[in-house]
Every structure is written in C-alpha cells, then in structure tokens.
Amino acid sequence: MTTAQDFSVADRVPGRTSWVAGALHFARKNMLGTAGALLVLIMIFMAIFAPLITSYDPTANDFGVMLEAPSHEHVLGTDQYGRDLFTRIVYGARTALLVGFLSAFIGATIGLVMGVTSAYFGGTFDLLFQRVMDVLMAFPLIILALAVVSIGDAWPVSDTFKVILAITVPFIPRCARVVRSSALAIREIPYIDAARACGFSHPRIILRHMVPNVMAPYLIIFTASVGQAILIEASLSYLGLGVQEPTPAWGLMLRGGAEEYAESAPWVAIFPGLAITLAVFGFNLFGDSVRDALDPKLRQM
Amino acid sequence: MRRETLFRAAIVALGASVAASGMAFAKEEPKQGGILKFVVPAEPPSFDGHKETTFALIHPIAPFYSVLIRVNPDNPASLTDFRCDLCTEMPKPADGGKTYTFKIRKGVQFHDGTPLTAKDVAATFSRIAFPPQGISSARKGQWAMLDSVAAPDDETVVFKLKFPSAAFIPVLANPYNFVYSKAKLDQDQKWYETHIMGSGPFVFEKREAGARITGKANKNYYHKGKPYLDGFEAIFAKKQSLRVQAVRGDQAAIEFRGFPPKSRDDLVRALGKDITVQESDWNCGLVLTPNHSKKPFDDPRVRRALTLALDRWGGSKDLSKIAIVKSAGGLVFPGHELGLSKAELEKVAGYWPDIEKSRAEARRLLKEAGHPNLSFTFLNRATDQPYTIVGTWMIDQWKKVGITAKMRNEATAGWFAGLRAGDFEVGVTANCQSVVNPLLDVAYYLPTGRSSQQYGKFKDPELEKIYDTMVRATDPAEQKKLMGQYERRVMDEQAHNFQVFWWYRIIPYRSYLKGWKISPSHYLNQDLSGLWLDRDS
Amino acid sequence: MINYVIKRLFLMIPTLFGAAVLVFLLMRAIPGDICYLRMAGGGGTVDLDVVRQCRADLGLDRTLWVQFWDFISGFVVGDFGKSMWTGQPIFDEVALRFQLSLQIAIMATIVSILIAIPFGTISAVKQDTWVDYAVRTFSIAGIAIPSFWLGILIILGILITSKAWFGQSWMPPITYRPIWVDPWYNLSMLIWPALATGYRYSAVATRMTRSAVLEVLREDYVRTARAKGVFETLVIRRHALRNALLPVITVIGIEFAFLMGGLVVTEQVFNLNGIGKLFVESVENHDYNMTQSLVMLVVAIFAFTNFFVDIFYAWLDPRIRYVR
C-alpha cells in the first residue's frame, strides 16, 4: 500500500560510464552508501578468507582458557567453552551472509515472479492472490518459522537451510506486493498488448517483457532484505529456532552467553551483538543508497 | 586485583556460611512479618497438584496445602528422615510391613473454616492412587504396592499394602500429595484444578494470569507460631538472566529452582554479604539414550564407545563452572547408600580414571564394529541449562575419538515428540525426581514398555528380573548388591543408557531471608512456613 | 464511498479465514503434544493412561474437522473458549496482558514519533550535510541493533550505573501495575522497553518524514514562501511539515499494528507479561486454543488497521475507490 508508492515508476539505468568511474561517482554522492558498501565488503572478505584470518578452530573446546578477557592470544577474548571469540565471529560471517543473501534472494525472486504474474492476469486470480499475501503478511513470523523448522525435521537438510526457508516465506508477500503495484502500471503500456496480440505465450510476455521492467523495485527490495534477513536469523537463533551449537553464528553466540556472562565477561555479550549491528547497518546503508539511486523520484532532488 | 581478593573472601565466607548454617539457624530467633517475593521460572498449568508434574506448581501452590508426611523441614537434605505434617506420629508398619496406621491431628481447619479430618486424608490418597474415571493422577503408577486406604474414624487413616515395600513411605511423602477437602471433591472432582483451598500455612489471595500468585498468612495454622511471614508473592519470570537480575536488584529475594555457577559468582561479587549461597547435588540426572532400533546403535560396542569417549571426571570439573551439573555418578543419587562406591564406579565404562585409555578403547570398539568414523545426530532439549551446554561439550568429547556428532535442539514439546516417535539416533533426556527414592527412581531405566520414559527401544528381560527381585528384597545388603548389578548392566554391559552428570543445585539468595534449607530436589520442603525475613542484621 | 467501505470490509473475511486455516494446520503440524508435555515436563514418570485421559478432556481426540468447526464457529460468535494449558477462559487470560502490550505499543509509538518528526524534518532541511548524515546513521542504527541485545544492554546498564551512583543495584520492577493505580511504578517499569522499541520503530518513520518533507519543500508554494523571505523555521512549520505529515501518520499507524504482534522478543527480554510472551508460551506449550485466538487477534488488528488506512486514502483520493 504505502511502501508500494515509492517504487511505482520504472527503472532508469545510469549512463554507460566505466565501472570505476561509476563507483567513484557513487561514492562521492553517497558517503553513507559507501560506508555501508565497505562494511559489506569487509564481511564478505571475512567469510571467504576465514581460515586464513585466524588459526583457531571455531568449535574446539578449551576449558583451560574459558571466559578469558581480550588479550594478545585471543583478540576478542574467549567464551564459556574457551573458544576464541574473534574466530567465531569471523566464521559467523559465513552463516550470516549465506542466510542473508539466500533468503533475501529466494524470497524476493519468488515474490517477483508471483507479483508480476498476479498483476499480468489481474481479475479474480489477482484478487485471490492478494488475499493469500494479506494472510502471510499479517501472520506472526514465529509460528511460520517454528513450523518450517520443525516440519523440516523430516527432511535430511541442514539447520541453515531450514532457517533460510523460514525467513524466505514471510519475505515473499512483501516483495510480491511492491512488484505487483509496479507491474500494474506496466501492464497498461501498449506494447504489452502488442505482445499479446502477436500471440506470444503468457510466460514469455511475463518473463521477457514485464519482469525486466520491474527490476528496480526488485533490486530495492532485495538489497533492503539482506540486512533484515541477517537480523531475523540472529533473532531466531537467539530464540533457539535457528542454527544450532556448535555452529558459529552471531545470534547463537548471544543466546545464553550474552546474558549469563554479560557482567563478568562483557566481551561475550558485546562483540557478537556488535557484529550483527555492523553487518545489518552496512547492508541497510548500502540498500538505502541503492534505493536512492534507483528511485528517480527521490534522485531528482 | 583488589576486586579479586574481595571476591575470594566472599567465596570463603560463603563456604563458611553454608557449613555453619545448621547451628546458625538454631541460634537465631525468627522474626514475624514481611512479604517474601520470589521468582518462579514458569507458570503452573492448573492448580491441581495431583494432576500436574511441574515444580512450577510446587513453588507457588504448595504453601497453601498440608500434606500427610514430608521430608524433615529442619533437615531436608537427609534422604531417609520423614516427619509428620498432618499426622501426629510416624507409624511403625504392622502386619509384616503391610499395614500403616496414621493418627491425624485434631482441630485442623481448611481455609474455609471447615474441619479437616481423616476422611479428607483418605479421600485425597484414594483420588491419587485410584483416581475415579475421568480424573488424571500423574503419579498413579508409583502406587502399585497400595491395596487400599480407609478412614475408620475421624482421626485414623489406614493404608494396606499388597506387599511390603521400602518405596512406600517416600511415595507417601511426595510433595504433590496435597490434602483436599472431601466435601469439595464430592461436589466436583475437578474443582481443585481451577480453585485453591487447602489447610496450609498460607491462604490463597489472588492469581494474576502469567504474572504472579500471592498468598497471605494463615492465622489458624496448626503448627503454632508459624508461618512467620505475613505473606508471599510468587513472580513468574521465564528468562533465567532476568531472574538473576531480579535477585540482584532486590525485586525478589530468591529463586527456589537453581542458578548457574557463573550467576552465583556474579551475585556474590556484586552484593558480597547480602547474598547467601546454599548448594546441593540435585536429584536430576542428565541421561544419554541411544536408540537401539537405529543402526549402528543396535550394536552394544558402538553404544559403549559413546560412553567411553566422555571424560566425566574432567568434564565434571570444567562444566561445573558454567553449567548446573557437577557430580559424575551412577544411576543412584550421589552418596546414597544403595549406589556404587567411587572405586566400583571407576571400573564402569565411561568412568575409568585414565581417559586416554578409555578413548583408545572407544576407538578400538568403533573400528571393530566397522564404524571408525561414526557420524550421527542427537536430539537434545533446547534449554541451555544444562542440556545444550552439556550437549556442546559432548560434541567436542566425541570429536576426540573420531565421532562426528550433530546436535538437534528442540523446544520441550518437540523434544518429547521426537523421543516418543523414536525419530532420533541418540537422545539426551533427564531423570528428575522429587523425594530421593532410588528404588523407584531407577525404574526410569527399565526396558521400553516397562518404563514409560525409556525411549531407547529395547527389550531386556534379564534387567527386569534384577529390578523386580531388588524391589522386593528385604535385606538391605542384598538390595545393594542387586542395585550394583542393575547399574552395571544398564551403563556398561548392555550400555542401554548412560548417566552423564548429576545436576547441581545452586541457590544464591538475599541474606535477609532466613530459615530456608536446601534439599536435593526443588520439589521438596517448599511450604515456606519456616521462613522469615530479617532486614536489620 | 459506502460501497467501497462495504466491499473493503468483505475483503477482510478471506484474510481472517485464511489465517484461521493456516494457524490451525500449522500448529497441528508442529510435532508435540500438550498432554505429554504436561505429564512428562516435570521429568518424572509418565503414565500413558493419564496422557490419554488428558487428550480426551481437551477434545484433542476428535477429528480435525470437528476441532476446526469448533474453533471457527466459536470465533464467529466471539467465544474463544478456554486455554488448554490453564483451563481458564481465554478472555480472562488475555485481558490483562493485552492492556500491558497496548500500553507499550502506545508508548513506543509516542517515542518513535518524538524521534522521527524532528529528526526527519531537520534531516530533510539540512539535506546532504553532516547533520543529515548523523541523523540517518542514528536512525538506521536503530533498525540494525537486535532488539534482544539492546534490551540486555539496557538492563545491565541500569544495574551497573545504579550501583555506581547510588551504591545500591536498582532494577525496574518486574511485575505490572496499571498506570492509573501507580503511575510512577508503572512508568519506571515500561519506559525502558518503550524506549528500546520506539527507537527501533522510529527508523522507518524518520525516513518517511525526511522524504515527505523533501518532497513538500520542492512544491511551488513552499518555494514561493521562501522567495517571499518568510523565516525558514516558519516555512517549515507552517507549510512543509503539515503537508508532509499524512504519509508519516499512515506509516506510524501501520507500524502500530505490527508492534502489537512484534513485541515478542522485547517482552521476553524485559519479562513483560504481555501478549507477545503469552504467545511464545502458548506455542511452546502447544496450547492450540490460545495460539489460535492470539493469532486471530493479531491478524484482526492488522486487517483493521489496513482497512482504516485504505478508507482514509479513498476518502482523500476518490480515484482509489474505483481501482480495486
């Protein structure tokens, strides 16, 4: 409804300058966006090169150094099992990125296809589809997540995959709605009628003619969702519904540890929370500037 | 540095205060008055003690009720000392141990003013042991030895047993055996599910859904001079960290279940002598159950390897710093005379003093069984203390013998569902009991079918035979010998189930609360009648 | 207009019905049994007869159709039944908790307005200066900080600072008293979660305010006013802000609806006995009746908020009435 209005006009691609020049231009115009992009790059770097950055094993217990304060050997200290916190945070970036990107991508993509299809066919189909999306929008996330996670026990898939699925489901309707309202405007453009008159099949018209025209809202939603997905993953892990010990994951590191040791070993509580905040912050800043760049209504100003 | 010293001093003082507690209590004169606030981790489902099984019912509700007998309130840590509450004297069994006759106190009144007689006591126990159609009695199964209960007159209750049983008195002393009014039960057997009306030291005031239950002192209480408190407020707080903070910020004086060791240290460090700590082994064991119906756990060698790989003595030392577990023991409560001695225990698989030898044996067994790189998923309860913490520790232990284990944590309902459906390879469960009564407590480990909580899916008639002979044995030495056989068969020879650690109960509380004594179970000695507040000292 | 209202009202029925079907099926698909949980949760021995008895008492042994009909027909006439866990009427269980959640939602909304409107405005007026960047950083940080983590830090902060300043550890009360009974006590308990939640929810509203004000600032009449030499502050207050408020109010309205269902984590952290906490507990306990009622409550609040927003828009812009 309201959010939909921001994205109602189609995409406009910036001029074809070189890649570097474009990036520099972006950076100059978007200081916050650049900061966000930097944070995201750091995170991706940590995830890829984790074993090179640290020599500790993220899961091996060492009770001899349990709950040690930050020191030369353990830059960010150790947790209650004597595991190096820095190592766990570095490896945790893998979980966060994997869940963040995949759930945002899958959710936004399914939403894209559904939203465009719904707008294209219109009529009763659209009306019914809208109701289904209403239900999913209003439905409490935690039940959906719990259901997906526990029903998923029947399948031999990893925790991480189940978490991705649980986060994806509520993302679908949000993207579908936004995309649908953009697509509604495009459907009215004569060339869609022309394509139909040429006898092109429905899937072809949807994929070749409509989808490319709603890429802007799609990209906006996608970038905005990555940060949110990371945050939801952390919350689910914190509630015990996400990935499981001893997998390094930021939300999980806060479960139990953060509260029990927050006072005597504050590093256990502070650093993983900081990691989540910075990562989500980075993605949000980045997402915001992508939105500003792609949404011409705002860019004009 | 200075902080550190202060902290050590506090710990020493704490040790001293626990050791001296027995004498200290005798000297102090109880003070009247005040409202005790305490936190409870969960809210009880209904109010009916006969029906429910959670401690969350005991903490806020038990103060409203009387029981027939109970553990000695002045010495709740004793495993064999039972005293009268409503009766006048502990009876000597007659008829070769098959008849127990209790005399009931005169002049006891329910909170509505009606007199409490032997008829009410008999109606209560008959409802517990032989519930009428449509009524749930959670511990009905423990009363197999009882033949009948009757009240020949208003002051006498007679229990007749089918066979003499050492388990009878502890079952009778179960803290859930609230004495109800026969008149109310005759009206509606389910009345007590939604109402509270007992004869205990406190009178029910009100329940605020999800928030708290309050009670005020019963002026007509039959134990003269008690209760000392004017009333109590039981506050429900689900999050453990918040309960710790509540004691820290003096929003509550105590939580009666147990705090983790680190929280104890933090409280002592922050509040010094304003905090007193009592600790005890807990009649709860963390149990590991391989599912015998899933390959390769049908092979006793593989099961034995699982237990051999766990360094219990080292783990006890490490985990007792971060989790509510401590003693590495057998199936019988640590220190109970029926259990294995430490020397005997060290011969049982998984308790060998030389962990390297034990790990080598585990590797050898796995290789021999054809699974040198065993990999499996175990089902655990998604509760940090102590389940997932010990689970995380076990993963690391198993890794040391080449086993790759993955943990699947489920919230309580899902955990039970998984265990019951047999939809797991190895399960982590707990055996938590109230009154320490090893003869009944170890029934937990009987084969599937015989024990409702044996999720391991196996048959073992030999084990059942040992158990049945043990329960009916009258000679204590004979009983102890059979218990040894039983323990070894369960944990070592057949490797059906393993006790991993016994839980450890740590209660740090505000020092102004006096008269409370720890027991091995968070179900016991919770009527609050002997507690008082002394904010001046 | 009337036609549109009626049509829009009818469109809510499928949403509510769909949510009812979904919650009913999902809850039963999640493995677990309230009766077994109840009988075995204590850790002792379980009697399977007792479990069967309990299921029969709760009507869980009936076919799914009968159970669903029970739920739906009760919902239509406003009879939510009894909690399966406590046996008390659901209405009684929810009433007190709803009051608390509502108060936090209102307080958090006020906090978020108090943050969003001044910050959003100043950020728009000072567009692309360091003030703008600072405000945006602050507001984006609000959505980036996990609410459970913020809660932990707040409580710990209070405990430690009170100890350092007053020598006594103070902590907010942990049991609720209504604001009309003991306002000071009530506020000293609820202000913390309201601050934490309000800050978080201010982010979207701040951004909305910023872009709405930016848009209005480009309008001709504002330019004219500026050109006439009217004081900058007056321009903003008189002309820009008033016209920018509409979309902002809408966003706040919708967020309020989200808040009612979104307090789950905050209530856990601060031990607030609200519907979020009740919700988590009812799901954990497999108290189907309670979960179903709460989901329907949240979905209904959500649907009605959307309904009012749509009606409001249709009233403002008559074209909308014909689009759908």
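Author: Let us begin with a term: two strands are said to pair if DSSP finds at least two bridges between them. In this structure, which is a predicted model, β4(B) and β6(B) are joined by five bridges and run antiparallel.

Reader: Okay, and which residue is the bridge partner of Thr101(B) in β6(B)?

Author: Thr101(B) has Val158(B) as its bridge partner there.

Reader: How many strands form the sheet, and in what order?

Author: The open sheet is formed by three strands of chain B in the order β4-β6-β5, with antiparallel pairing. Its edge strands are β4(B), residues 99-103, and β5(B), residues 146-153, each of which pairs on one side only. On average, and ignoring direction, neighbouring strands of the sheet are turned by 15° against each other.

Reader: What about β5(B) and β6(B), how many bridges do they pair over?

Author: β5(B) pairs with β6(B), residues 156-161, over five bridges in the antiparallel sense, and a hairpin of two residues joins β5(B) to β6(B). Within this pairing, Ser148(B) stands opposite Lys160(B), while Val149(B) stands opposite Phe159(B).

Reader: Which helix packs on the sheet?

Author: That is helix α3 of chain B, residues 118-129, which touches both β5(B) and β6(B), and whose direction makes about 165° with that of β5(B).

Reader: Then which residues of β6(B) are on the covered face, and which on the uncovered one?

Author: Val157(B), Phe159(B) and Leu161(B) make up the covered face of β6(B), whereas Thr156(B), Val158(B) and Lys160(B) lie on the uncovered one. As a general point, side chains in a regular strand alternate between the two faces of the sheet.

Reader: Changing topic to the whole chain: how many helices and strands does chain B have?

Author: Chain B has 17 helices and 17 strands, and its C-alpha trace spans about 70 × 65 × 40 Å along its principal axes.

Reader: What radius of gyration would a compact globule of 537 residues have, and what does chain B have?

Author: A compact globule with 537 residues would have a radius of gyration near 24 Å, and chain B, at 24 Å, agrees with that.

Reader: And what share of the residues in chain B is buried?

Author: Buried residues account for 58% of the 537 residues in chain B. As for contacts in chain B between residues at least 6 apart in sequence, 70% of these join residues at least 24 apart.

Note on methods:
Residues are numbered from 1 along each chain as its sequence is written. Chains are lettered from A and ligands numbered from 1 in the order in which they are written. This is a predicted model: local features need pLDDT of at least 70, side-chain atom pairs count only at pLDDT 80 or more; totals for chains, interfaces and linings use all residues. Helices (H or I, at least four residues) and strands (E, at least two) are DSSP runs, numbered from the N terminus. Axes are lines fitted to C-alpha atoms, for helices over the stretch in contact, and angles run from 0 to 180 degrees between N-to-C directions. Two residues are in contact if their C-beta atoms, placed from the backbone, lie within 7 Å. A residue is buried if 20 or more other C-beta atoms lie within 10 Å of its own, exposed if 12 or fewer, and partly exposed in between; C-beta atoms are placed from the backbone. The radius of gyration is taken over C-alpha atoms; the globule rule is 2.2 Å times the number of residues to the power 0.38.
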